[in-house]
Amino acid sequence: SPGQKRKVWELIRHKVNPVAACPRDVEDLKKRWRDLKRRDRSKLCRLSQGCGPPGPAAPLGLLLAPEEMPPAAAPPG
């Protein structure tokens with residue numbers, strides 16, 4: 001229900017703000033969540049080569065941030 005969703009988003013806000021660089025309100029958190037989902041879907045689509053014009057696959061390191069790299073593919077250091 002809308003009331004339960006609001007409570008969950010408030011709980012998320014209370015957990016995120018103490019560790020965030022800048023405090024965010026619920027609407028900012030929702031926007032950030034939507035942006036992250038969209039970015040991840042786009043990355044998955046590019047990785048599976050299911051989107052965009054046909055062409056060579058981009059190396060994994062160009063699509064993922066270092067903390068997102070699988071352990072075997074992560075550069076040393």
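Contact here means heavy atoms within 4.5 Å. Helices (H or I, at least four residues) and strands (E, at least two) are DSSP runs, numbered from the N terminus. This is a predicted model: local features need pLDDT of at least 70, side-chain atom pairs count only at pLDDT 80 or more, and totals for chains, interfaces and linings use all residues. Residues are numbered from 1 along each chain as its sequence is written, and side-chain values use heavy atoms, with hydrogens and water left out.

**View 1. Where helices α1 and α2 meet.** On the α1 side, the residues in contact are W9, E10, I12, R13 and V16. Their partners in α2 are V26, L29, K30 and W33. The two axes come within 10 Å and cross at roughly 90°. Axes are lines fitted to C-alpha atoms, for helices over the stretch in contact, and angles run from 0 to 180 degrees between N-to-C directions.

**View 2. N17 in the loop between α1 and α2.** The loop runs between α1 (2–16) and α2 (26–47), and N17 is found in it. Is N17 buried or exposed? N17 is buried, because its relative accessible area is 19% and buried means under 20%. Exposed means over 50%, and partly exposed lies in between (1.4 Å probe, protein chains only). A polar atom of the N17 side chain lies 2.7 Å from the backbone nitrogen of R24. A polar contact is a pair of N or O atoms within 3.5 Å; within protein, one must be able to donate a hydrogen and the other to accept it, and residues adjacent in sequence count only if both atoms are side-chain atoms. Leaving aside residues up to four places away in sequence, N17 touches C22, P23 and R24.

View 3. A salt bridge is a side-chain nitrogen of Lys or Arg within 4 Å of a carboxyl oxygen of Asp or Glu. The structure holds 5 of them. Here the side chains of R13 and E10 meet at 2.8 Å, N to O. Both residues lie in helix α1, 3 residues apart, about one turn of the helix. R13 is partly exposed at 23% relative accessibility. E10 is partly exposed at 26%.

View 4. The side chains of E27 and K30 pair at 3.8 Å, N to O. About one helical turn separates E27 and K30, because they are 3 residues apart in helix α2. K30 is partly exposed, with 25% relative accessibility. K30 is also one of the α2 residues that meet α1.

View 5. R38 and D35 form a salt bridge through their side chains (2.9 Å, N to O). What is the relative accessibility of R38? R38 counts as exposed at 51%, whereas D35 counts as partly exposed at 23%. Both lie in helix α2, 3 residues apart, about one turn of the helix. Salt bridges that share partners join K31, D35 and R38 into one network.

**View 6. The whole protein, for orientation.** The protein has 3 helices and 0 strands. Along the sequence, its pattern is α-α-α. Of its 77 residues, 12% count as buried. Among contacts with a separation of 6 or more, 13% come from residues 24 or more positions apart. The accessible surface is about 6,400 Å², and 61% of that belongs to carbon and sulfur atoms. Accessible areas come from the Shrake-Rupley method with a 1.4 Å probe; for residues, only the protein chains shown count as cover.
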